[in-house]
Amino acid sequence: MSVLSGKRILLIVGGGIAAYKCLDLIRRLREQGAAVTPVMTGAAAEFVTPLSVGALAASRVYSDLFDREDEQDVGHIRLAREHDLVLLAPATADRMARVANGLAEDLAGAILLATRAPVLMAPAMNPAMWDHPATRRNHRRLLDDGIGFVGPGSGEMAEKGEAGTGRMAEPLEIVAAAEALLAPRKRPLTGLSAIVTSGPTHEPIDPVRYIANRSSGRQGHAIAEALRDAGARVTLVSGPVTLADPRDVAVRHVETAAEMLIAVEAALPADIAVFVAAVADWRVAAESSRKIKKTGDGPPALALAENPDILSTIGHHDRRPGLVIGFAAETDDLLANARGKLARKGADAILANDVSPGAGAGGGVMGGTENTIRLVTAEGVEEWPTLAKEAAATRLAEWIAARLGRTETA
Ligand SMILES: Cc1cc2nc3c(=O)[nH]c(=O)nc-3n(C[C@H](O)[C@H](O)[C@H](O)COP(=O)(O)O)c2cc1C
């Protein structure tokens with residue numbers, strides 16, 4: 001039996017040529033046992049008739065935000081809340097832009113902003129529109145907001161002689177994506193709490209200058225999200241990064257290593273701690289309260305002082321989390337250094353990655369999109385293939401669940 005059986009799906013039909021495929025999509029969703037409530041945008045009604053949509057859905061078609069009868073009980077909020085999934089197909093470039101900016105000037109917009117159900121979009125547009133920097137930006141934003149996407153695919157477009165990416169996914173692909181989104185997820189870490197650190201630290205020299213490193217925070221943020229998806233309550237302590245805060249994660253923003261340690265200790269007790277941040281080993285011993293001027297006497301001598309070692313402090317803490325994991329970015333003697341850190345810092349596992357120039361695809365490990373990890377524990381070394389940072393994060397969450405004997409919890 002399909003996971004869609006008995007599910008209530010709110011289908012928002014957008015105003016694009018691909019709207020005709022929605023008629024088949026409604027049939028396919030109902031074949032799987034879903035109940036479909038259709039909402040049509042003003043533009044959608046230019047492409048397909050509400051009569052066909054309503055007849056195939058065996059439901060009333062909604063389209064007006066200011067409907068006097070429906071809105072006596074604030075009907076748009078009810079529609080937004082009473083469904084298990086909100087599906088937008090076709091998602092036009094215009095609609096993606098509006099949703100990315102939180103606009104709610106029509107019924108579809110108000111529902112998309114008010115719903116707490118998962119949202120799945122099936123974009124369809126001319127390839128030039130899909131490739132436009134504004135659409136790229138809106139797509140990234142929507143992904144960051146937790147919206148799921150299916151397609152677009154590549155191929156010939158409605159416009160004569162045009163090809164590229166922009167074709168709406170076929171109805172059966174959309175059904176499969178809806179099933180994947182609604183399939184019950186395993187949440188083996190339910191009931192556990194986790195602290196994750198991410199990003200670089202900035203160690204001030206004076207009010208305008210600081211010492212930093214190339215960490216982007218991508219790996220740490222991905223791990224916070226993977227642990228959240230596995231059911232853990234996550235506190236993410238993040239250095240300065242340009243990434244959006246992950247949803248449903250408590251985020252503490254810090255700048256320096258000292259602030260990071262304070263925020264981590266404030267988040268104790270926890271069951272799991274994963275220290276991914278590239279914490280500066282040193283800070284400037286005497287930060288100048290005024291901008292250091294060029295004097296003509298040569299460069300200033302910057303005396304450095306050692307920063308607290310967060311992994312080691314928490315690894316030996318009287319409120320030490322049950323599982324403490326550190327990252328080791330190394331350019332030389334990767335495994336020997338990781339093994340040394342494991343014992344010295346009181347960690348249960350060290351994820352060693354090679355950050356020497358040229359190592360790792362996707363633009364190098366620090367700041368790149370991929371990571372090649374070796375997981376070092378007292379029992380031995382696991383070599384992981386090169387993975388996208390998100391995939392490496394999922395694999396780590398699975399490893400943590402197995403290590404804690406929690407693989408069976410659904
Ligand atoms: C013939 C025609 C075809 C269109 N096809 C598309 C399309 O495939 N994708 C798209 O993003 N916009 C398309 N548009 C533009 C949208 O209809 C327009 O941006 C509209 O504001 C979308 O509103 P909606 O998303 O609320 O339905 C098309 C317009 C016309 C006139």
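Pro152 sits in the loop between strand S5 and strand S6 (153-156). In this predicted model, the peptide bond that joins Gly151 to Pro152 is cis, with omega at about 5°. A cis bond also joins Leu268 and Pro269, where omega is about 0°. Pro269 belongs to the loop between helix H10 (257-267) and strand S13. You will find Ala58 in the loop between helix H2 (50-57) and helix H3 (75-81).

**Two domains**

Stepping back, the protein chain is divided into domain 1 (8-182) and domain 2 (193-403). Taken over C-alpha atoms, the centres of domain 1 and domain 2 are 39 Å apart.

**The parallel sheet**

Strand S1 (residues 8-13) and strand S3 (residues 85-91) run parallel and are joined by 4 bridges.

**The mixed sheet**

Another open sheet has 8 strands, ordered S12-S11-S8-S13-S16-S17-S18-S19, and its pairing is mixed. Its edge strands are strand S12 (250-253) and strand S19 (380-388), each of which pairs on one side only. On average, neighbouring strands of this sheet are turned by 15° against each other, direction ignored. Strand S17 (residues 349-354) and strand S18 (residues 370-377) run antiparallel, joined by 4 bridges. Here Leu351 has Leu375 in S18 as its bridge partner. Helix H13 (residues 389-403) packs on the sheet, in contact with strand S13 (272-275), strand S16 (323-330), S17, S18 and S19. Its direction makes about 145° with that of S19.

**Around the ligand**

Which residues come nearest to the ligand? Of the 15 residues around the ligand, they are Gly15, Thr41, Thr92, Ala93 and Arg95. Helix H4 (residues 93-100) gives the most to the shell around the ligand, contributing 4 residues.

| Residue | Polar atom | Ligand atom | Distance |
|---|---|---|---|
| Ala93 | backbone | oxygen | 2.8 Å |
| Arg95 | side chain | oxygen | 2.7 Å |
| Ala124 | backbone | nitrogen | 2.9 Å |

How much of the ligand does the protein bury? Taken alone, the ligand exposes 640 Å², and the protein buries 64% of that.

Notes:
Residues are numbered from 1 along each chain as its sequence is written. This is a predicted model: local features need pLDDT of at least 70, side-chain atom pairs count only at pLDDT 80 or more; totals for chains, interfaces and linings use all residues. Side-chain values use heavy atoms; hydrogens and water are left out. Two strands pair if DSSP finds at least two bridges between them. Helices (H or I, at least four residues) and strands (E, at least two) are DSSP runs, numbered from the N terminus. Axes are lines fitted to C-alpha atoms, for helices over the stretch in contact, and angles run from 0 to 180 degrees between N-to-C directions. Contact means heavy atoms within 4.5 Å. Domain bounds come from an automatic or database domain assignment. A residue is near a molecule or strand if one of its heavy atoms lies within 4 Å of it. A polar contact is a pair of N or O atoms within 3.5 Å; within protein, one must be able to donate a hydrogen and the other to accept it, and residues adjacent in sequence count only if both atoms are side-chain atoms. Accessible areas come from the Shrake-Rupley method with a 1.4 Å probe; for residues, only the protein chains shown count as cover.
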